[in-house]
Amino acid sequence: MKTIAIIAASFCLAGAAMAQAPAPSPSATAGATCKTQIAPKNLHGAALTSADKKCCTDAATAQKLNGAAKTSFVKACTTSAGS
């Protein structure tokens, strides 16, 4: 009987550990930050796209990313910013 209780308790603990939400990616966080910075400017079209890309590029530079990592970060950032 004790064995069954121990097994049931271990399943409960394992389930609680797996139920935690994953942390957002850095590019998604940067995209949200860029979105909040650009929104008050009320930009549309090419101006919005350009400002969003510049903000995401600046965020990648601040994180000292280069090459493919920078390109991937900027792409994910601009996608999450929603431009």
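This is a predicted model: local features need pLDDT of at least 70, side-chain atom pairs count only at pLDDT 80 or more; totals for chains, interfaces and linings use all residues.
Local features were considered at a pLDDT of at least 70 and side-chain atom pairs at pLDDT 80 or more, whereas totals for chains, interfaces and linings use all residues. Residues are numbered from 1 along each chain as its sequence is written, and side-chain values use heavy atoms, with hydrogens and water left out.

The secondary structure of the protein chain consists of four helices and zero strands, where helices (H or I, at least four residues) and strands (E, at least two) are DSSP runs numbered from the N terminus. Along the sequence, the pattern is α-α-α-α. Of the 83 residues, 19% are buried; buried means under 20% relative accessible area, exposed means over 50%, and partly exposed lies in between (1.4 Å probe, protein chains only). The chain exposes about 6000 Å², of which carbon and sulfur atoms supply 67%; accessible areas come from the Shrake-Rupley method with a 1.4 Å probe, and for residues only the protein chains shown count as cover. A contact is defined by heavy atoms within 4.5 Å. Among contacts between residues at least 6 apart in sequence, 48% join residues at least 24 apart.

In soluble globular proteins, nonpolar side chains tend to be buried together. A nonpolar core is a set of buried Ala, Val, Leu, Ile, Met, Phe, Trp, Tyr and Cys residues joined through side-chain atoms within 4.5 Å. The largest such core in this model has eleven residues, among them Ala 30, Phe 73 and Val 74. Two or more residues each are given by α2 (26-38), α3 (45-62) and α4 (67-81), and the largest share, five residues, comes from α3. Cys 55, a member of this core, touches Cys 34, Gln 37 and Ile 38, not counting residues up to four places away in sequence.

One salt bridge was counted, the criterion being a side-chain nitrogen of Lys or Arg within 4 Å of a carboxyl oxygen of Asp or Glu. Asp 58 pairs in this way with Lys 54, and the closest N and O atoms are 2.9 Å apart. Because the two residues are four apart in helix α3, about one helical turn separates Asp 58 and Lys 54. Asp 58 is partly exposed, at 40% relative accessibility, while Lys 54 is exposed, at 52%.

His 44 lies in the loop between α2 and α3 and is exposed, at 61% relative accessibility. The side chain of His 44 makes a polar contact with the side chain of Asn 42 (3.4 Å). A polar contact is a pair of N or O atoms within 3.5 Å; within protein, one must be able to donate a hydrogen and the other to accept it, and residues adjacent in sequence count only if both atoms are side-chain atoms.
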